[in-house]
Amino acid sequence: MKNFRFKNPTDIRFGTGRLDVELHDAVSQFGSRVLFVYGGHSIKKSGLYDTVKGLLADLQLTELPGIEPNPKIASIRDGQKLVKDNDVEVVLAVGGGSVIDAAKVIASAKFYDGDPWDLVKDRGVTRHKLPQLPVVDILTLAATGSEMNSGSVISNPETHEKLGTNGPNTPAVSFLDPTLTYTVPHRQTAAGSMDIFSHLLEQYFDRSKNNDASKGMMEGLMRTVIKWAPIAVKEPDNFDARANLMWSATMALNGVMSVANENGWTVHSLEHELSAYYDITHGVGLGILTPRWMEYALTKDSTTAEMFARFGRHVWDLEGDETYAVAQAAIDETFDWIQHLGFPMTLPEVGIADERHFDAMATAAVANARLETRAYVPLSEEDVKAIYQAAMTDGLTA
(Lines give C-alpha, C1' and ligand atoms only; values in the text may rest on other atoms or scores of the structure.)
Protein backbone atom coordinates (compact mmCIF):
# COMPACT_ATOMS: atom_id res chain seq x y z
CA MET A 1 0.00 0.00 0.00
CA LYS A 2 1.06 3.57 -0.69
CA ASN A 3 1.49 6.27 1.94
CA PHE A 4 -1.59 8.39 2.53
CA ARG A 5 -3.03 11.09 4.76
CA PHE A 6 -6.71 11.08 5.65
CA LYS A 7 -8.82 13.61 7.52
CA ASN A 8 -12.57 14.23 7.36
CA PRO A 9 -14.07 16.57 10.00
CA THR A 10 -17.74 16.37 8.95
CA ASP A 11 -20.04 15.88 11.95
CA ILE A 12 -22.52 13.18 10.89
CA ARG A 13 -25.89 13.12 12.67
CA PHE A 14 -27.44 9.82 11.50
CA GLY A 15 -30.93 8.62 12.37
CA THR A 16 -34.46 9.78 13.05
CA GLY A 17 -35.77 12.52 15.31
CA ARG A 18 -32.60 14.59 15.32
CA LEU A 19 -33.72 17.71 13.44
CA ASP A 20 -36.16 18.92 16.11
CA VAL A 21 -33.51 18.69 18.79
CA GLU A 22 -30.28 19.49 16.98
CA LEU A 23 -30.81 21.54 13.78
CA HIS A 24 -31.09 24.97 15.36
CA ASP A 25 -27.86 24.74 17.31
CA ALA A 26 -26.05 23.04 14.44
CA VAL A 27 -26.78 26.04 12.21
CA SER A 28 -26.73 28.92 14.71
CA GLN A 29 -23.29 28.00 16.07
CA PHE A 30 -21.94 29.58 12.88
CA GLY A 31 -24.13 32.70 12.92
CA SER A 32 -27.66 33.98 12.42
CA ARG A 33 -27.53 34.98 8.74
CA VAL A 34 -28.32 31.85 6.77
CA LEU A 35 -28.64 31.06 3.06
CA PHE A 36 -31.26 28.30 2.75
CA VAL A 37 -30.58 26.38 -0.48
CA TYR A 38 -32.97 23.77 -1.84
CA GLY A 39 -34.30 22.29 -5.06
CA GLY A 40 -37.84 21.97 -6.32
CA HIS A 41 -41.17 21.36 -4.67
CA SER A 42 -40.38 18.02 -3.02
CA ILE A 43 -39.32 19.42 0.36
CA LYS A 44 -42.47 21.57 0.45
CA LYS A 45 -44.68 18.65 -0.47
CA SER A 46 -43.09 16.46 2.20
CA GLY A 47 -43.38 19.14 4.90
CA LEU A 48 -39.63 19.36 5.42
CA TYR A 49 -39.54 22.98 4.23
CA ASP A 50 -42.03 24.07 6.90
CA THR A 51 -40.17 22.07 9.53
CA VAL A 52 -36.89 23.79 8.73
CA LYS A 53 -38.47 27.23 8.61
CA GLY A 54 -40.14 26.65 11.96
CA LEU A 55 -37.03 25.36 13.67
CA LEU A 56 -34.97 28.33 12.43
CA ALA A 57 -37.66 31.01 12.81
CA ASP A 58 -35.46 33.27 14.92
CA LEU A 59 -32.62 33.29 12.36
CA GLN A 60 -32.33 35.48 9.26
CA LEU A 61 -33.03 33.10 6.38
CA THR A 62 -32.43 34.09 2.78
CA GLU A 63 -33.77 31.49 0.36
CA LEU A 64 -32.29 30.15 -2.86
CA PRO A 65 -34.75 27.64 -4.34
CA GLY A 66 -34.67 25.90 -7.70
CA ILE A 67 -31.33 24.06 -7.65
CA GLU A 68 -31.65 21.57 -10.50
CA PRO A 69 -30.21 18.09 -10.96
CA ASN A 70 -26.83 18.51 -12.64
CA PRO A 71 -26.72 21.91 -10.87
CA LYS A 72 -26.27 24.84 -13.21
CA ILE A 73 -23.79 27.68 -12.93
CA ALA A 74 -26.65 30.19 -13.11
CA SER A 75 -27.79 29.07 -9.64
CA ILE A 76 -24.27 29.43 -8.30
CA ARG A 77 -24.14 32.98 -9.64
CA ASP A 78 -27.48 33.74 -7.97
CA GLY A 79 -26.19 32.29 -4.73
CA GLN A 80 -22.98 34.28 -4.90
CA LYS A 81 -24.98 37.50 -5.10
CA LEU A 82 -27.19 36.50 -2.18
CA VAL A 83 -24.35 35.53 0.17
CA LYS A 84 -22.56 38.80 -0.58
CA ASP A 85 -25.60 41.09 -0.43
CA ASN A 86 -26.85 39.55 2.84
CA ASP A 87 -23.44 38.98 4.43
CA VAL A 88 -24.39 35.33 4.96
CA GLU A 89 -22.52 33.44 7.69
CA VAL A 90 -23.62 29.85 7.04
CA VAL A 91 -25.19 27.93 4.16
CA LEU A 92 -27.95 25.39 4.86
CA ALA A 93 -28.48 22.90 2.03
CA VAL A 94 -31.63 20.75 2.10
CA GLY A 95 -31.83 18.17 -0.66
CA GLY A 96 -29.73 15.67 -2.54
CA GLY A 97 -26.23 15.86 -3.89
CA SER A 98 -26.95 18.54 -6.45
CA VAL A 99 -28.18 20.95 -3.77
CA ILE A 100 -25.21 20.22 -1.52
CA ASP A 101 -22.77 20.52 -4.43
CA ALA A 102 -24.18 23.95 -5.28
CA ALA A 103 -24.07 25.04 -1.63
CA LYS A 104 -20.37 24.22 -1.31
CA VAL A 105 -19.40 26.27 -4.36
CA ILE A 106 -21.61 29.17 -3.23
CA ALA A 107 -19.92 28.99 0.17
CA SER A 108 -16.61 29.66 -1.57
CA ALA A 109 -18.04 32.20 -4.02
CA LYS A 110 -18.81 34.66 -1.22
CA PHE A 111 -15.10 35.36 -1.04
CA TYR A 112 -14.54 35.63 -4.80
CA ASP A 113 -15.27 38.75 -6.82
CA GLY A 114 -15.15 37.17 -10.26
CA ASP A 115 -17.46 34.79 -12.10
CA PRO A 116 -17.91 31.63 -9.97
CA TRP A 117 -17.48 29.53 -13.11
CA ASP A 118 -13.78 30.30 -12.64
CA LEU A 119 -13.93 28.37 -9.37
CA VAL A 120 -15.26 25.36 -11.25
CA LYS A 121 -13.16 25.66 -14.37
CA ASP A 122 -9.83 25.52 -12.53
CA ARG A 123 -10.99 22.43 -10.58
CA GLY A 124 -10.69 24.07 -7.18
CA VAL A 125 -7.23 25.61 -7.40
CA THR A 126 -8.62 29.05 -6.56
CA ARG A 127 -11.15 27.71 -4.05
CA HIS A 128 -8.38 26.21 -1.95
CA LYS A 129 -6.88 29.67 -1.57
CA LEU A 130 -10.17 31.18 -0.39
CA PRO A 131 -12.14 30.91 2.85
CA GLN A 132 -15.36 28.90 2.69
CA LEU A 133 -18.55 29.48 4.62
CA PRO A 134 -19.58 26.55 6.80
CA VAL A 135 -22.18 24.32 5.18
CA VAL A 136 -24.84 22.41 7.11
CA ASP A 137 -26.96 19.97 5.13
CA ILE A 138 -30.05 17.83 5.49
CA LEU A 139 -29.78 14.93 3.05
CA THR A 140 -32.91 13.79 1.21
CA LEU A 141 -31.43 11.41 -1.39
CA ALA A 142 -28.83 8.66 -1.01
CA ALA A 143 -26.49 8.95 -3.97
CA THR A 144 -23.52 11.26 -4.31
CA GLY A 145 -21.83 11.28 -0.91
CA SER A 146 -21.62 15.06 -1.17
CA GLU A 147 -22.67 15.28 2.48
CA MET A 148 -19.21 14.15 3.58
CA ASN A 149 -16.78 15.26 0.88
CA SER A 150 -15.41 18.48 -0.52
CA GLY A 151 -16.33 17.90 -4.15
CA SER A 152 -18.98 19.47 -6.37
CA VAL A 153 -20.01 18.87 -9.97
CA ILE A 154 -21.44 21.89 -11.78
CA SER A 155 -22.84 22.22 -15.31
CA ASN A 156 -22.58 25.10 -17.76
CA PRO A 157 -25.23 24.55 -20.45
CA GLU A 158 -23.91 27.42 -22.55
CA THR A 159 -20.55 25.72 -23.05
CA HIS A 160 -21.72 22.08 -22.79
CA GLU A 161 -19.40 21.51 -19.84
CA LYS A 162 -19.98 19.55 -16.66
CA LEU A 163 -16.95 19.71 -14.41
CA GLY A 164 -15.90 18.65 -10.95
CA THR A 165 -14.33 21.06 -8.49
CA ASN A 166 -12.95 20.52 -5.00
CA GLY A 167 -13.07 23.00 -2.15
CA PRO A 168 -11.08 23.34 1.04
CA ASN A 169 -13.76 21.92 3.36
CA THR A 170 -16.33 19.18 3.66
CA PRO A 171 -19.73 20.11 5.14
CA ALA A 172 -19.52 21.05 8.80
CA VAL A 173 -22.62 19.12 9.88
CA SER A 174 -24.69 16.61 7.89
CA PHE A 175 -28.07 15.27 9.00
CA LEU A 176 -28.77 11.81 7.58
CA ASP A 177 -32.32 10.67 8.34
CA PRO A 178 -33.29 7.67 6.19
CA THR A 179 -37.01 8.43 6.62
CA LEU A 180 -36.52 11.64 4.62
CA THR A 181 -35.84 9.46 1.57
CA TYR A 182 -39.14 7.56 1.79
CA THR A 183 -40.79 9.87 -0.74
CA VAL A 184 -38.01 9.58 -3.33
CA PRO A 185 -39.60 8.07 -6.49
CA HIS A 186 -38.45 4.62 -7.54
CA ARG A 187 -36.66 5.98 -10.63
CA GLN A 188 -34.59 8.37 -8.52
CA THR A 189 -33.95 5.67 -5.94
CA ALA A 190 -32.60 3.43 -8.68
CA ALA A 191 -30.49 6.23 -10.15
CA GLY A 192 -29.09 7.14 -6.74
CA SER A 193 -28.24 3.51 -6.05
CA MET A 194 -26.40 3.29 -9.34
CA ASP A 195 -24.44 6.40 -8.45
CA ILE A 196 -23.35 4.79 -5.17
CA PHE A 197 -22.40 1.57 -6.95
CA SER A 198 -20.47 3.47 -9.61
CA HIS A 199 -18.51 5.46 -7.02
CA LEU A 200 -17.35 2.17 -5.57
CA LEU A 201 -16.54 0.64 -8.94
CA GLU A 202 -14.50 3.66 -10.04
CA GLN A 203 -12.28 3.25 -6.97
CA TYR A 204 -12.27 -0.55 -7.01
CA PHE A 205 -10.84 -0.90 -10.50
CA ASP A 206 -7.45 0.70 -10.05
CA ARG A 207 -3.77 -0.13 -10.39
CA SER A 208 -2.76 -0.08 -6.72
CA LYS A 209 -1.10 -3.25 -5.46
CA ASN A 210 -2.08 -5.28 -2.39
CA ASN A 211 -4.58 -2.74 -1.08
CA ASP A 212 -6.86 -5.50 0.18
CA ALA A 213 -8.15 -3.45 3.11
CA SER A 214 -9.75 -0.89 0.79
CA LYS A 215 -10.84 -3.50 -1.75
CA GLY A 216 -12.56 -5.54 0.96
CA MET A 217 -14.47 -2.54 2.29
CA MET A 218 -15.63 -1.68 -1.21
CA GLU A 219 -16.75 -5.23 -1.87
CA GLY A 220 -18.84 -5.17 1.30
CA LEU A 221 -20.46 -1.88 0.36
CA MET A 222 -21.18 -3.09 -3.18
CA ARG A 223 -22.90 -6.19 -1.82
CA THR A 224 -24.94 -3.91 0.44
CA VAL A 225 -26.12 -1.79 -2.48
CA ILE A 226 -26.87 -4.87 -4.58
CA LYS A 227 -29.02 -6.29 -1.78
CA TRP A 228 -30.90 -3.22 -0.63
CA ALA A 229 -31.44 -1.13 -3.78
CA PRO A 230 -34.12 -3.43 -5.27
CA ILE A 231 -35.88 -3.53 -1.90
CA ALA A 232 -35.91 0.27 -1.64
CA VAL A 233 -37.33 0.50 -5.17
CA LYS A 234 -40.16 -1.91 -4.33
CA GLU A 235 -40.70 -0.85 -0.70
CA PRO A 236 -39.96 2.88 -0.51
CA ASP A 237 -40.66 3.10 3.23
CA ASN A 238 -38.44 0.17 4.20
CA PHE A 239 -36.21 1.78 6.83
CA ASP A 240 -33.44 -0.80 6.66
CA ALA A 241 -33.16 -0.45 2.90
CA ARG A 242 -33.07 3.34 3.03
CA ALA A 243 -30.63 3.38 5.94
CA ASN A 244 -28.20 0.96 4.32
CA LEU A 245 -28.23 2.89 1.06
CA MET A 246 -27.80 6.23 2.80
CA TRP A 247 -24.77 5.17 4.83
CA SER A 248 -23.26 3.29 1.87
CA ALA A 249 -23.52 6.46 -0.22
CA THR A 250 -21.71 8.47 2.43
CA MET A 251 -18.98 5.90 2.97
CA ALA A 252 -18.46 5.33 -0.75
CA LEU A 253 -17.19 8.85 -1.34
CA ASN A 254 -16.00 10.37 1.93
CA GLY A 255 -12.37 9.60 1.16
CA VAL A 256 -11.95 6.35 3.08
CA MET A 257 -12.26 4.13 0.00
CA SER A 258 -9.85 6.14 -2.12
CA VAL A 259 -6.79 6.09 0.12
CA ALA A 260 -3.74 4.49 -1.51
CA ASN A 261 -5.50 4.11 -4.85
CA GLU A 262 -3.91 4.79 -8.25
CA ASN A 263 -6.51 5.59 -10.84
CA GLY A 264 -8.65 8.15 -12.58
CA TRP A 265 -12.39 7.86 -12.89
CA THR A 266 -13.47 6.67 -16.32
CA VAL A 267 -17.23 6.10 -16.47
CA HIS A 268 -18.04 9.31 -14.59
CA SER A 269 -15.96 11.21 -17.12
CA LEU A 270 -17.86 9.64 -20.00
CA GLU A 271 -21.23 10.27 -18.34
CA HIS A 272 -20.46 13.90 -17.53
CA GLU A 273 -20.30 14.53 -21.26
CA LEU A 274 -23.67 12.84 -21.78
CA SER A 275 -25.37 15.02 -19.19
CA ALA A 276 -23.45 18.12 -20.30
CA TYR A 277 -24.93 17.79 -23.79
CA TYR A 278 -28.28 16.15 -23.00
CA ASP A 279 -28.92 16.92 -19.30
CA ILE A 280 -29.92 13.33 -18.57
CA THR A 281 -30.08 11.91 -15.04
CA HIS A 282 -26.52 11.21 -13.91
CA GLY A 283 -27.25 7.81 -12.35
CA VAL A 284 -29.16 6.67 -15.42
CA GLY A 285 -26.25 7.58 -17.65
CA LEU A 286 -23.92 5.65 -15.37
CA GLY A 287 -26.21 2.64 -15.51
CA ILE A 288 -26.14 2.62 -19.30
CA LEU A 289 -22.40 3.16 -19.65
CA THR A 290 -20.96 1.06 -16.81
CA PRO A 291 -21.39 -2.47 -18.24
CA ARG A 292 -20.35 -1.23 -21.70
CA TRP A 293 -17.14 0.21 -20.23
CA MET A 294 -16.55 -3.04 -18.33
CA GLU A 295 -16.88 -5.13 -21.45
CA TYR A 296 -14.70 -2.78 -23.49
CA ALA A 297 -12.01 -2.73 -20.79
CA LEU A 298 -11.95 -6.52 -20.52
CA THR A 299 -11.72 -6.92 -24.29
CA LYS A 300 -9.10 -4.20 -24.78
CA ASP A 301 -6.81 -5.35 -21.97
CA SER A 302 -6.94 -9.02 -21.00
CA THR A 303 -4.84 -8.34 -17.89
CA THR A 304 -7.97 -6.84 -16.33
CA ALA A 305 -9.59 -10.28 -16.26
CA GLU A 306 -8.08 -11.05 -12.86
CA MET A 307 -9.68 -7.98 -11.28
CA PHE A 308 -13.03 -8.50 -12.96
CA ALA A 309 -12.98 -12.14 -11.82
CA ARG A 310 -12.26 -11.04 -8.25
CA PHE A 311 -15.20 -8.67 -8.56
CA GLY A 312 -17.33 -11.59 -9.72
CA ARG A 313 -16.26 -13.93 -6.95
CA HIS A 314 -16.26 -11.47 -4.03
CA VAL A 315 -19.23 -9.31 -4.99
CA TRP A 316 -21.50 -11.55 -7.07
CA ASP A 317 -20.55 -14.88 -5.40
CA LEU A 318 -19.63 -16.43 -8.73
CA GLU A 319 -17.73 -19.71 -8.94
CA GLY A 320 -15.48 -21.20 -11.57
CA ASP A 321 -11.80 -21.73 -12.27
CA GLU A 322 -11.59 -20.05 -15.67
CA THR A 323 -10.69 -16.42 -14.94
CA TYR A 324 -11.90 -14.84 -18.17
CA ALA A 325 -15.27 -16.66 -18.01
CA VAL A 326 -15.85 -15.49 -14.44
CA ALA A 327 -14.88 -11.96 -15.44
CA GLN A 328 -17.41 -11.91 -18.29
CA ALA A 329 -20.08 -13.44 -16.05
CA ALA A 330 -19.51 -10.66 -13.51
CA ILE A 331 -20.15 -8.06 -16.22
CA ASP A 332 -23.34 -9.88 -17.23
CA GLU A 333 -24.51 -9.93 -13.60
CA THR A 334 -23.87 -6.20 -13.34
CA PHE A 335 -25.86 -5.50 -16.50
CA ASP A 336 -28.78 -7.64 -15.32
CA TRP A 337 -28.87 -6.03 -11.86
CA ILE A 338 -28.94 -2.54 -13.33
CA GLN A 339 -31.64 -3.51 -15.81
CA HIS A 340 -33.77 -5.10 -13.09
CA LEU A 341 -33.76 -1.82 -11.17
CA GLY A 342 -35.95 -0.50 -13.98
CA PHE A 343 -33.33 1.42 -15.94
CA PRO A 344 -33.41 2.29 -19.59
CA MET A 345 -30.34 0.50 -20.89
CA THR A 346 -29.61 2.27 -24.18
CA LEU A 347 -28.92 5.88 -25.10
CA PRO A 348 -31.88 6.13 -27.51
CA GLU A 349 -34.17 5.31 -24.58
CA VAL A 350 -33.06 8.53 -22.87
CA GLY A 351 -33.46 10.65 -25.99
CA ILE A 352 -30.00 10.35 -27.56
CA ALA A 353 -31.05 9.23 -31.00
CA ASP A 354 -27.86 9.78 -33.01
CA GLU A 355 -24.10 10.19 -32.75
CA ARG A 356 -23.87 13.85 -33.71
CA HIS A 357 -22.03 14.90 -30.53
CA PHE A 358 -19.98 11.76 -29.92
CA ASP A 359 -16.74 13.13 -31.36
CA ALA A 360 -16.88 16.29 -29.26
CA MET A 361 -17.93 14.35 -26.17
CA ALA A 362 -15.11 11.84 -26.57
CA THR A 363 -12.56 14.60 -27.04
CA ALA A 364 -13.72 16.41 -23.90
CA ALA A 365 -13.91 13.24 -21.79
CA VAL A 366 -10.34 12.22 -22.65
CA ALA A 367 -8.97 15.72 -22.11
CA ASN A 368 -10.85 16.54 -18.90
CA ALA A 369 -10.00 13.27 -17.15
CA ARG A 370 -6.69 12.52 -18.86
CA LEU A 371 -8.05 9.10 -19.77
CA GLU A 372 -5.09 8.22 -22.00
CA THR A 373 -2.77 8.21 -19.00
CA ARG A 374 -4.80 8.01 -15.78
CA ALA A 375 -7.62 5.58 -16.52
CA TYR A 376 -7.62 2.00 -15.24
CA VAL A 377 -7.55 0.99 -18.89
CA PRO A 378 -6.16 3.93 -20.91
CA LEU A 379 -8.68 5.17 -23.44
CA SER A 380 -8.27 7.23 -26.59
CA GLU A 381 -10.96 9.37 -28.16
CA GLU A 382 -11.80 6.50 -30.50
CA ASP A 383 -12.12 4.13 -27.54
CA VAL A 384 -14.54 6.47 -25.78
CA LYS A 385 -16.57 6.91 -28.94
CA ALA A 386 -16.78 3.12 -29.31
CA ILE A 387 -18.23 2.84 -25.79
CA TYR A 388 -20.86 5.47 -26.61
CA GLN A 389 -21.68 3.58 -29.80
CA ALA A 390 -22.03 0.30 -27.90
CA ALA A 391 -24.58 2.00 -25.66
CA MET A 392 -26.78 2.76 -28.65
CA THR A 393 -27.89 -0.86 -28.98
CA ASP A 394 -29.50 -3.46 -26.70
CA GLY A 395 -27.48 -5.81 -24.54
CA LEU A 396 -23.79 -6.57 -24.48
CA THR A 397 -21.78 -7.79 -27.43
CA ALA A 398 -20.16 -10.82 -25.77
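I began with strand β2 (residues 33-38): five of its six residues are buried, so the strand is largely enclosed by the rest of the structure. I took buried as under 20% relative accessible area (1.4 Å probe, protein chains only), and strands (E, at least two residues) and helices (H or I, at least four) as DSSP runs numbered from the N terminus.

The model is predicted: local features need pLDDT of at least 70 and side-chain atom pairs pLDDT 80 or more, while totals for chains, interfaces and linings use all residues. Residues are numbered from 1 along each chain as its sequence is written, and side-chain values use heavy atoms, without hydrogens and water.

I then looked up the partners of β2, counting strands as paired if DSSP finds at least two bridges between them. Five bridges join β2 to β3 (residues 60-64) in parallel, with Arg33 opposite Gln60. β2 also runs parallel to β4 (residues 90-95), again over five bridges; there Phe36 has Leu92 as its bridge partner.

Next I examined the nonpolar cores, which are sets of buried Ala, Val, Leu, Ile, Met, Phe, Trp, Tyr and Cys residues joined through side-chain atoms within 4.5 Å. The largest has 100 residues, and Phe197, Phe205, Trp293, Phe311 and Trp337 touch the most other members. Helix α8 (residues 212-234) gives this core its largest share, nine residues. I noted a second, separate core of 20 residues, including Leu23, Leu48, Val173 and Phe175.

Finally I listed contacts (heavy atoms within 4.5 Å) of Phe311: leaving out residues up to four places away in sequence, they include Phe197, Met222, Trp316 and Thr334.

Technical notes
Buried means under 20% relative accessible area, exposed over 50%, partly exposed in between (1.4 Å probe, protein chains only).
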